[in-house]
Amino acid sequence: MTNTAPTTDLDRVIGFTIPGRHTRGRVARLGPVLDEILSAHAYPEQIERLLAEALTLTALLGSTLKQAEGQMTLQAQTQGGIVSLLVCDYKNGELRGYVQFDEKRLSQLGKNPSLYALFNKGHLAITFDQATTKERYQGIVPLDGESLAEAAQSYFLQSEQIPSLVQLGAVRDKASGKWIGGGLFLQHLPEGEAGRERLHVRLDHPEWQHVEAMGSTMGLDELADPALPLETLVWRLFNEEEEVRLLAGAALSRGCRCDAAYITDVLSKFPEEERAEMADETGVISVDCAFCSKKFPVKLADFVPPAL
């Protein structure tokens, strides 16, 4: 395994496999992309940290898509929680996300609230949309655990019955004050060729116990250190393995897919009378994008009536 990563390693995710342990993994580190997404909102620190971790998790999971135009969406939703909705998605290396929350109730919490304190009882949904086949796979599980990482582990165990390890964290850089998110994702794969019985039925399997124990030693100080190439993190964890195969990495960027033409196209699908109800007294429909906080004014006069 050779080290070809840049000196400062940010906004990138790489994959790897450990054939002898029937394991696959991903490592991601986000920097400027977090700043671009968070700068569109005036979130309190607790919400910025939550969204930074969620975006890191989205990068880890979304980058497993084999088709570039496929999309992965992560959504955490509650009834009556301080955070009512968290949404992130990934498409071809592009990330976006936002959070809806009760600011007054949030102000009564400390700086590092637990997942339960933020969400109360809720659910976690992860959706994979395949571009070519148009197939959609979605799993929904209770939002369990003390952290988003624990909730993700619970998701894979309950929804896919695959033992997994997720390490997530986000810290503010001391020099710039900006967020850096780091994450590690490990999964125990079916043994041998496709179609064989999965090893998840034996959670005490020594192969997985070893990988899980090694992965658990990776701390946030390493995951969020931009001076450590992602390849170096993999080497530190698994340099004693007989073989570790590095997979192609992916660059990460902010990518909100809203624009005036798209908004107008969506509105054009509504009946004329409904568009009239949406408009203000000047005949303008104002549409806000929750992801990027941009406002799109659309005039009713811009809609061309259908030909007779």
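A residue is taken as buried under 20% relative accessible area, as exposed over 50% and as partly exposed in between (1.4 Å probe, protein chains only). The structure is a predicted model, in which local features need pLDDT of at least 70 and side-chain atom pairs count only at pLDDT 80 or more, whereas totals for chains, interfaces and linings use all residues. Residues are numbered from 1 along each chain as its sequence is written, and side-chain values use heavy atoms, with hydrogens and water left out.

Helices (H or I, at least four residues) and strands (E, at least two) are DSSP runs numbered from the N terminus. Helix H8 (residues 230–238) is mostly covered, with seven of its nine residues buried, namely Leu230, Glu231, Thr232, Leu233, Val234, Leu237 and Phe238. The cover over these buried residues, given by contact (heavy atoms within 4.5 Å), includes strands E1 (12–18), E2 (23–30), E9 (179–188) and E10 (245–246), together with helices H6 (206–215) and H7 (220–223).

Twelve salt bridges are found in the structure, each defined by a side-chain nitrogen of Lys or Arg within 4 Å of a carboxyl oxygen of Asp or Glu. In one of them, the side chains of Glu231 and Arg12 meet at 2.8 Å, N to O; this pair links helix H8 with strand E1, 219 residues apart, and both Glu231 and Arg12 are buried. Asp9 is linked with Arg12 and Glu231 in a network of salt bridges. Arg21 and Glu241 also meet through their side chains in a salt bridge (3.0 Å, N to O). Because Arg21 lies in the loop between E1 and E2 and Glu241 in the loop between H8 and E10, the pair ties together parts that are 220 residues apart in sequence. Arg21 counts as partly exposed at 21% relative accessibility, while Glu241, at 16%, counts as buried.

A nonpolar core is a set of buried Ala, Val, Leu, Ile, Met, Phe, Trp, Tyr and Cys residues joined through side-chain atoms within 4.5 Å. The largest such core has 64 residues, and those with the most contacts inside it are Leu30, Leu86, Phe119 and Leu124. Helix H2 (residues 45–62) supplies the largest share of this core, ten residues. A second, separate core of 18 residues includes Ile18, Trp208, Leu233 and Val234.
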